[in-house]
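This report is an introduction for someone who has not seen the structure before. Please look at the sequence and the model first, then read on.

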Amino acid sequence: MDWFDDWALTLAVFTPLVGMAIILLIPRAEEAAIKVVALLTSLVTLAIGVGILVDFDFGNTAKMQFQVDKEWIPVINARYHLGIDGISLPLLILTMVIVPLCIIYSLDHFPEPHNPKAFLALILLLEVGMIGTFVALDLVLFFIFFEVVLLPMFFMIGVWGGPNREYASIKFFLFTLFGSALMLVSFLALYFLSKRSTFDISTLASFEGAGITRGTQVLLFAGLFLGFAIKVPMFPFHTWLPDAHTEAPTVGSVLLAAVLLKLGTYGFIRIALPILPEGAQVWAPWIGLLSVVGIIYGALCCLAQRDMKRLIAFSSVAHMGFVMLGIATLTDFGVNAAVFGMVAHGLITGMLFFLAGSIQHRYHTREMSRLGGLLVSAPKMGWILGFCAMASLGLPGLAGFWGEFPAVLSAFEPSRLANGILGNTDSTLWTFRTFMVVAAIGTVLAAGYLLWMYQRVGMGTPKPEFEDAHIHDVHRPEWVAWTPLLLGIVVFGLFPNLIFSITNDAASSITRAFSG
Amino acid sequence: MLDNVWIIPLIPAVSYLLILFFGKRMPKKGAEIGIAALGAAFVLACITAMQWIDKVEAAVSKEGGAATGLAALGRSVVAAATGAPEVEPVVRGVTWWENGPAKFEIGARVDGLVVMMLVVVTLISLLVHVYSTAYMHEDRRFTHYYAALSLFSASMLFMVISANLLQLMVGWELVGLCSFMLIGHWWEEKPNSNAALKAFLTTRTGDVGLMTGIIIVFFAAGSFDISVVNEYALSPEVNHGLMMWASVALMFGIMGKSGQFFLHTWLPDAMAGPTPVSALIHAATMVVAGVFLGARVYPVFWEGFSIGGGGLNMMAVVGGVTIIVGAALAFVQNDIKKVLAYSTVSQLGYMVMALGVGAWLGAVFHLFTHAFFKACLFLGAGSISHSATHHSFDMREMGGLRKPMPVTFWTFIVGTVALAGIFPFAGFWSKDEILATADQGDFRIFLVVGLIGAAMTAAYMTRCVYLTFFGQYRGHHHPHESTPAITVPLVILAVLSVVAGLLQSAPFEIKKFQEWFEQVGGLPKEMIIPEFDYGLAAISVSLATIVVGIAAFFVFRREEHGALKGLTQRNRVAHAGYRFLERKYYLDDLYEGVIVAGVKGPIARGSNWVNQYVIDGVVNAVGRGSARAGRWAYDVFDQEVVDGAVNDIGRETALAGGGMSKLQSGRLQRYALFLLASVGLIALAVYIVNVA
């Protein structure tokens, strides 16, 4: 399987692109053929992912595997360098699983205006960008994939979105682009300032910031921070998210929540922390602060929502706050929790957006005051909604808990070096311990908004306007699309080591620089 | 079985799935699966208990029975380890997750406390399962009900056998989930779903403390493992400050789960669930989880609250206050289930107070006996509503049920007497154990609290029994005795309410409960095991009896004379007191009206407003500003300065872009260009800064 080691990641990245090209060649009228090609492409990509899983050396997760390192743009020394370790792997597989499920779900839920060809082509293009970002080990390559993601999502929201789609899509695009611009500045500066002019992430990480003064690191980290934090999104750069989610078509929301947000947190772990360790130390308490503010603030905003989908969108702000809190502690506990949290949030919030979409499809509204009695009208869907609400509020035994609890735990004892500008380990310690308690309080608010949502949507009896409406319970494409996610939530909840054992060594190697 | 105790929770867990997926197709709609599963679990629990007892007795007899026969009379203070050999708990585990070099296990632990809980939980749950076949007959969601019951038992059992605190927390939360499902079983009606939410959110509020406490303990002791934690807390190198914070934090968890003042308000509302569920929640699962936690990592509290030193501590105070607060509220209820609910609050107060005054054995023993008589009382109340009042629990619609419902009546009386702590019923022995420890361990004030509580208990239960069973029937139905599925569990529980206390009855030279179940591998050595105190026992029993007598006198006489009748209407002070109790100390008004409404209302709306108008306002302003800047650059700079040829290319690009998406007018491209141009400039600036 030597050839597979060399080609697996390249295949994984570009198979969707080939599929997209084929779709573009098929006339728009031939919908069936388009659907088949799209589904097959995503399944082939998934099969490559399974191959990667089989071939991955789980005893050596800290090491970059399946590496390809070829000359690409010699004049700026940008290389075609791909590779994955224990941190990229779960996210890569998550992406590969989510995309076919989204395509299956779309098969009979195509949003208006009806244009499967463009829609599916865009999903596949999106997959190229997402997979590419998780496997790229060269800053230029990373940046390109990171930006490739923007375009299809922009069109998905702008063309297939809700009534306010124009505003939402432009906001999404510009906000993210603004962050990427500053991120690019930092990338360029890293190229010029590093010992050897290089964009290679592994090489830069191996320098551990040597040769860049502390002050410059702080500046460059700020650039990276803006790029990634907007994507996560962290308070106060989150306002594009609720609008984008509210307007996006269901599948767009699912992909946005399940994968796109993780590009930001992944960037922190893969690029910002290892390459600029001193910058990270200075910024860590501030990131922690924004994280816990996000946890509480996101939860409070959730409580004020009337639109179910907007509520779920705000809940992402809160949940990603836990992920970022874990990262901000600069500990192995925190980073492990962060990666687990990313996967769990992908599964759970992805599911919640699917449900919001299906509910809207049936009731033609997402106003929670008009909904109610889903358990009566469509019992199975009501149960699934309850299950996902419980998973989302971090119920132990389900996946969400393992992103949340270790993150809170890690804040009790952050890295001694995560001391910001205080330079005082003791105050760092107590700062983070305060964060820990605040984050723990966030879990109560999370239970509050999710259960209130469930009470209003799931419990009670149907409102008079829907009393006679025929509400279809979960139908087959939905079962197919949802079962893997639901199983994932349970299985990872019961056997968390399925993920922790993969991320652990890689996380330790990343946080080693901060353990002094 | 001692090595494979994990099978016990697994059986109901599997039963849950079976009922959920196949229950509706079974002849009894899934009830038979649940009953079979709990029956099997009960048998296995008994076998486990036997094997544990064998193990303990073998160890004891090897030591030549040093532990027995020490029951000297009087008030001599004897250390916890009365020379009895320590029997090691049986602990097994497998890797659950890992972090860095550390591996965390999930496992099963068997010791005295665990086997006692296993037997109680499986037994009560089994009886509730049987009882429900009649009580929940023709319920709209019969099968789901049974599925949830099974899951409830599985979660509780899983929690009980936890080998480490993290696992305990998982079980703890799952128990909370199940009570949410069951309290809200009839979720069509808003009050029921409100009660379910209230239960979940209140306990979750306490869980902030649980989570924080476990984290503190973890970093202090370096492990989640219960043996390690306990050993650490008793070792000389313990960090007292951390243990104190951990105790305070964990105490919040206990207050939420075990309905301690001031987080007790969810418990009475939880009566919205089906009555058998109330019995289960109050006797064997859910609310005893908090007390169980306290007993499980007792050394942490011992160290954190310096219990060995006597005096006031948070645990004892919270428990003591809860005894009185709960008992007082039980007086003013008209709903029989609410009387019992507040009675549970009060009794849980005894258990927590017991832990707080160093009476570990008393707390655990009271948990044990309370399970039987409280389950008996709840199921009795259910029997009445099922067969006499047509699903009403209002005592104003009852009365005179002594004749038509003899079995229910007599079992209820036994439960009441046991609850009131009258010799020789179960409650007497366990309550006495607590009071005697408080007395001998320099906690006199809590002894007084306990005695007052006992008197109040006797009084409100007399009122309850009178209103329910004596006088004239005030309902509009035809009361009759319930079917055997209901009465048999009642009788079993009544029998246990009589005999369970005898397991630890010093005058009869029986200390089996202590011998078998105090072996938990690591309790504070300085803990006091009190000697039986005849004087104290006589005081508490006669106090309870006198109060019963007085209370009975007044309630029986009320109708004819009315010295007290209408007192609360006539006397302003009495009326205010009554209102104060009726409004439940205004705690619900505070929580729901002020805190929850505040967070949901103004605070949440405020955050949303900030989001929409402040943060988003800035974002939009920046967007609009850039657009204006762009327009300015275009109009002034671009049009007038730059060559027209460049202009043309720009327009072509804009058109191409516009063609792709009719939504756009080229604005986006301009923003993008603008941004990317600035990138180059800033990059240059950073470069210069760093070089210079």
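The contact between the two chains takes 53 residues from chain B and 56 residues from chain A. Five elements of chain B, namely β2, α5, α6, α24 and α26, each supply at least two residues of the side that touches chain A. Helix α6(B) gives the most to that side, with 13 residues. Sorted by class, the side of chain B that touches chain A consists of 31 nonpolar, 14 polar and 8 charged residues.

The model is predicted. For the complex, the predictor gives an ipTM of 0.89 and a pTM of 0.86.

**Chain B**

Chain B has 692 residues, of which 53% count as buried. Its secondary structure comes to 26 helices and 6 strands. Among the contacts in chain B with a separation of 6 or more, 79% are between residues 24 or more positions apart.

The mean pLDDT of chain B is 78, and 84% of the residues of this chain reach 70 or more. Two stretches of chain B with pLDDT under 50 are listed here, with their contacts beyond near neighbours in sequence.

| Stretch of chain B | pLDDT | Contacts in the model |
|---|---|---|
| residues 65-81 | under 50 | 30 contacts beyond four places in sequence |
| residues 657-665 | below 50 | 11 contacts beyond near neighbours in sequence |

Where pLDDT is low, the predicted coordinates should not be read in detail.

**The nonpolar core**

The largest nonpolar core has 447 residues. The residues with the most contacts inside this core are A272(A) and A439(A) from chain A, together with I124(B), V364(B) and A375(B) from chain B. Helix α14 of chain A, residues 332-363, contributes the largest share of the core, 19 residues.

What does A272(A) touch, not counting residues up to four places away in sequence? The residues are F221(A), L224(A), F225(A), F228(A), G267(A) and A280(A).

**Helix α9 of chain A**

Helix α9 of chain A covers residues 214-231 and has 18 residues. From its first C-alpha to its last, α9(A) reaches 25 Å, close to the 26 Å expected at 1.5 Å a residue. The helix is mostly covered, with 13 of its 18 residues buried. Phe221, Leu224, Phe225 and Phe228 of chain A, whose numbers fall within the range 214-231 of α9(A), are among the residues that A272(A) touches.

Key: Residues are numbered from 1 along each chain as its sequence is written. Chains are lettered from A and ligands numbered from 1 in the order in which they are written. This is a predicted model: local features need pLDDT of at least 70, side-chain atom pairs count only at pLDDT 80 or more; totals for chains, interfaces and linings use all residues. Helices (H or I, at least four residues) and strands (E, at least two) are DSSP runs, numbered from the N terminus. The expected span of a helix is 1.5 Å times one less than its number of residues. A residue is buried if 20 or more other C-beta atoms lie within 10 Å of its own, exposed if 12 or fewer, and partly exposed in between; C-beta atoms are placed from the backbone. pLDDT is the predictor's confidence in each residue, from 0 to 100. Two residues are in contact if their C-beta atoms, placed from the backbone, lie within 7 Å. A nonpolar core is a set of buried Ala, Val, Leu, Ile, Met, Phe, Trp, Tyr and Cys residues joined through C-beta atoms within 7 Å. Ala, Val, Leu, Ile, Met, Phe, Trp, Tyr, Cys and Pro count as nonpolar, Asp, Glu, Lys and Arg as charged, and the others, Gly among them, as polar.
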